[in-house]
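Subject: Structure handover

Hello,

Please find the structure below.

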Amino acid sequence: MKPAFDYLKIEKGSYVESSTYGLIQQLVKGVRFVRSQIPAEKIDEYMPNLRSIERKIQELEMAIGEPRIWYIEEIIKALKRE
């Protein structure tokens, strides 16, 4: 299945922090940081913040009739393909 967004392109873009793309950018950077810098046994400490950002994006998207997307999962897949 094709990802909903080009997450790696969004990561390098310039967006208003509170916009959908700005939140996706924060989420991509957060997931990248956790995957590369945090030991596996400590990842659970970072997930509430990442899930909170994901929920904000989902709420914005669903308010305009878009389907729910599991952004963290898609971002992890995109980073693995990188």
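The axes are lines fitted to C-alpha atoms, for helices over the stretch in contact, and the angles run from 0 to 180 degrees between N-to-C directions. Helices are DSSP runs (H or I, at least four residues), numbered from the N terminus.

This is a predicted model, in which local features need pLDDT of at least 70 and side-chain atom pairs count only at pLDDT 80 or more, while totals for chains, interfaces and linings use all residues. Residues are numbered from 1 along each chain as its sequence is written, and side-chain values use heavy atoms, with hydrogens and water left out.

Helix α2 with α3

Helix α2 covers residues 20-37 and helix α3 covers residues 43-63; their axes come within 10 Å and cross at roughly 160°. The two helices are therefore roughly antiparallel to each other. Their crossing is left-handed (the near helix is turned anticlockwise from the far one by less than a right angle; clockwise would be right-handed). Contact here means heavy atoms within 4.5 Å. On the α2 side the contact includes Leu-23, Leu-27 and Phe-33, and on the α3 side it includes Leu-50, Ile-53 and Leu-60. The residues of this contact divide into 12 nonpolar, three polar and three charged. In that count, Ala, Val, Leu, Ile, Met, Phe, Trp, Tyr, Cys and Pro are nonpolar, Asp, Glu, Lys and Arg are charged, and the others, Gly among them, are polar.

Helix α2 with α4

Helix α2 also packs against α4, at an angle of about 60° and with the axes 10 Å apart. That angle makes α2 oblique to α4. This crossing is right-handed. Among the residues that make the contact are Ile-24, Val-28 and Arg-35 of α2, and Tyr-71, Ile-75 and Leu-79 of α4. The contact has nine nonpolar residues, no polar ones and three charged ones.

The core

A nonpolar core is a set of buried Ala, Val, Leu, Ile, Met, Phe, Trp, Tyr and Cys residues joined through side-chain atoms within 4.5 Å. Buried means under 20% relative accessible area, exposed over 50%, and partly exposed in between (1.4 Å probe, protein chains only). The largest nonpolar core has 20 residues, and Tyr-7, Ile-24, Leu-27, Tyr-71 and Ile-75 have the most contacts inside it. Two or more residues come from each of α1 (7-12), α2, α3 and α4 (71-81). The most come from α2, which gives six. Leaving aside neighbours within four places in sequence, Ile-24 is in contact with Phe-5, Tyr-7, Ile-10, Ile-57 and Tyr-71.

Gln-25 sits in helix α2 and counts as buried, at 10% relative accessibility. Outside the four places on either side in sequence, Gln-25 contacts Ile-10, Glu-11, Lys-12, Gly-13, Ser-14 and Tyr-15.

Gly-22 is in helix α2 too and is buried, at 2% relative accessibility. The C-alpha atoms of Gly-22 and Ile-57 are separated by 9.5 Å, although these residues are 35 residues apart along the chain.

Ile-38 lies in the loop between α2 and α3. Ile-38 is buried as well, at 12% relative accessibility. Not counting residues up to four places away in sequence, Ile-38 touches Phe-33, Ile-43 and Tyr-46.

Regards

How values were computed. Angles under 35 degrees count as roughly parallel, over 145 as roughly antiparallel, 65 to 115 as roughly perpendicular and the rest as oblique.
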